[in-house]
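Subject: Handing over the two-chain model

Hi there,

Here is the structure I promised to pass on to you. Please have a look at it first, and then read on for what turned up.

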Amino acid sequence: MNSIIQYFKEIIQGVGSLLKGMRVTNRYFFSPGKIVTQKYPNNRKDLVMFERFKGEVVMPHNESNEHKCTGCGICEINCPNGTIEVISKTIITEDGKKKRVIDKHIYRLGMCTFCALCVKTCPSNALAFSQEFEHAVFNRALLIKTLNKPGSQLMKGVE
Amino acid sequence: MEEIIKEVVIDEQEEYTINMGPQHPSTHGVLRLVVSLKGEIVKNIEPHIGYIHRGIEKMCESITYPQIIHLTDRMDYLSAAINNEAVCLAVEKALEVEIPDRIKIIRTIISELTRIQSHQLFWASYGMDMGGQTCFFYGLRDREKVLDIFEETTGGRMIVSYNCPGGLMYDIHPNFQKRVKEFIKYFRGVLWEYDAILSGNVIFRERTIGIGRLKLEDAISYGITGPSGRASGFSCDIRKQEPYSAYDRVKFNEVLYTEGDTYHRYLARIEEMRESMNIIDQLIDNIPEGPYFVKMKPVIKLPEGEYFQRVETARGELDVFIKSDGNKNPYRVKFRSPNFVNLGVLNHISKDFKIADLIAIAGSLDFVIPDIDR
């Protein structure tokens, strides 16, 4: 007799524990204000990433198409996996001196591990992270980016 | 004709083997378990690892010390910040750098937040292993808040790369303290839901209590650390045994159980989240002012010798061993990863249980496969 009571007691307790869990679910079901799900592709316009978010490495340019990169190559040395390649060229300035400037600052997004060493070690703060996070492309070649814009120059006062 | 049919009949006494994985969802990655079965009873498990082996230890030999940090993120990706800390502490020990309190306390807070988010994901995915889809959504809902804190301060969500030899990559964000306090308040308020949904659930309890019992002697001899070891009563918390960073100045309990079954391995992780919140509570208001970074030489060269550091990740003890020959690259780096060691006990504890219990047992050891293979 005792075992029968125990049997039914266990069933009631078991169902009770399931209902306890269901109560939590139901609470959220009937209070839609507490739902935190974002409807992602539809909320693109007002989706703001944090300021420090490591989206991809960019080289900020000012209005007159000038950047701060001197072509020293410290970012290339510090990159752990060869993501960055700085190709520099020598030009002759107006007063006849030879000067090394960057020709191309190549950044391979497909290889980048976002360790932030390039941005942190750059002596002239020429590199920064953008908040862009939609990186998918159809062609792998599009992931190899040239960071300095065509025709851009070194900002005055940056050595 | 009769003879052919006779050959096809399977002898019920005979063992047969099946492959669980490498693409099985409950192995949480690419782990292949070759399971010998007799009927439904598990007789032997042979783990085959190496599907995600990247040779991180070998790669470390060709890069500099600050560059190693980002590789440790990718071992146990759920305890990324703690892995970073391990290497940083070893390098700082070698260089005999004095680390200011501010850095120590921020590192401890970040480590404990990492532990919380790791256990939240454990809870979420363990519920799903056991057939409860709801848990996954609740677990990730709360984890999202920790990841937002990380994102604001470190720039990364999972792969944070926040520590570096000599301090931190960035100072904490001005909102950091406010957000952490908000999160602790919020999470204390919703932790009862975890118990209501899963811990008390009769189906879950039936499937986990008494399953995969690990004795204290076995836990010690197999070297099982972390919550899995502490559920068997093995006092192995490095935060208590060999305090590093700011753990020597906080009060917290080491979560210990004696049962050592699947349910208590699960329960130990839930309790650890509460303890982690206590630790953060004690530190969050006491972050002193000061620099977030100790100036190091541009090229870090460790003096010749061997250096060793133990830390407690969310899954157990992570040891870093660095042998330096005086160059900017280490001569040899060895990681003692908790998951690799914990995997060794799987065969021992799941013998003579049903194959469905194997999912429960493997889930409760909370494997992160990239940490096993490295």
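How many bridges join strand 7 of chain B to strand 8 of chain B, and do the two strands run parallel or antiparallel? Five bridges join them, and strand 7 (residues 316-324) and strand 8 of chain B run antiparallel. Strands here are DSSP runs of E with at least two residues, and helices are runs of H or I with at least four, both numbered from the N terminus; two strands pair if DSSP finds at least two bridges between them.

Before the rest, some housekeeping. This is a predicted model, in which local features need pLDDT of at least 70 and side-chain atom pairs count only at pLDDT 80 or more, while totals for chains, interfaces and linings use all residues. Residues are numbered from 1 along each chain as its sequence is written, chains are lettered from A and ligands numbered from 1 in the order in which they are written, and side-chain values use heavy atoms, with hydrogens and water left out.

Strands first

Within the strand pair above, B:Phe321 has B:Lys334 in strand 8 of chain B as its bridge partner. Strand 8 (residues 332-336) has two faces: B:Val333 and B:Phe335 are on the covered one, whereas B:Arg332, B:Lys334 and B:Arg336 are on the uncovered one.

Chain A has a pair of its own. Strand 3 (residues 84-92) and strand 4 (residues 98-108) of chain A run antiparallel and are joined by nine bridges. A:Glu85 is partnered by A:Ile106 in strand 4 of chain A. The two strands form a hairpin with five residues between them, and A:Gly96 in the turn has a positive phi of about 85 degrees.

Helices of chain B

Buried means under 20% relative accessible area, exposed over 50%, and partly exposed in between, with a 1.4 Å probe and protein chains only. B:Ser118 sits in this helix (residues 101-129) and counts as buried because its relative accessibility is 0%. Beyond its neighbours within four places in sequence, B:Ser118 is in contact (heavy atoms within 4.5 Å) with B:Leu78, B:Ala314 and B:Arg315. Just after the helix, B:Gly131 takes a positive phi of about 95 degrees.

Helix 4 (residues 80-95) of chain B reaches 23 Å from its first C-alpha to its last, close to the 22 Å expected for its 16 residues. Because 14 of those 16 residues are buried, helix 4 too is largely enclosed by the rest of the structure.

The nonpolar cores

A nonpolar core here is a set of buried Ala, Val, Leu, Ile, Met, Phe, Trp, Tyr and Cys residues joined through side-chain atoms within 4.5 Å. The largest has 87 residues, and the members touching the most others are B:Ile109, B:Leu113, B:Trp123, B:Phe176, B:Phe187 and B:Tyr266. A second, separate core of 25 residues includes B:Val42, B:Ile211, B:Val345 and B:Ile349.

B:Val180 belongs to helix 7 (residues 176-199) of chain B and is buried, as its relative accessibility is 0%. Leaving out residues up to four places away in sequence, B:Val180 touches B:Leu113, B:Ile149, B:Ile280 and B:Ile284.

Where the chains meet

The contact between the chains involves 33 residues of chain B and 27 residues of chain A. Together they bury about 2,500 Å², 59% of it on carbon and sulfur atoms; this is the accessible area (1.4 Å probe) that the two parts lose on being put together, summed over both. In chain B, B:Gln67, B:Glu151 and B:Met169 lose the most area to chain A, together 20% of what that side buries.

Two backbone spots to check

B:Ser245 has a positive phi of about 45 degrees although it is not a glycine, and it lies in the loop between helix 11 (238-241) and helix 12 (262-284) of chain B. B:Arg374, also not a glycine, has a positive phi of about 60 degrees and comes in the segment after helix 16 (369-373) of chain B.

Best wishes

How values were computed
Expected span 1.5 Å × (residues − 1).
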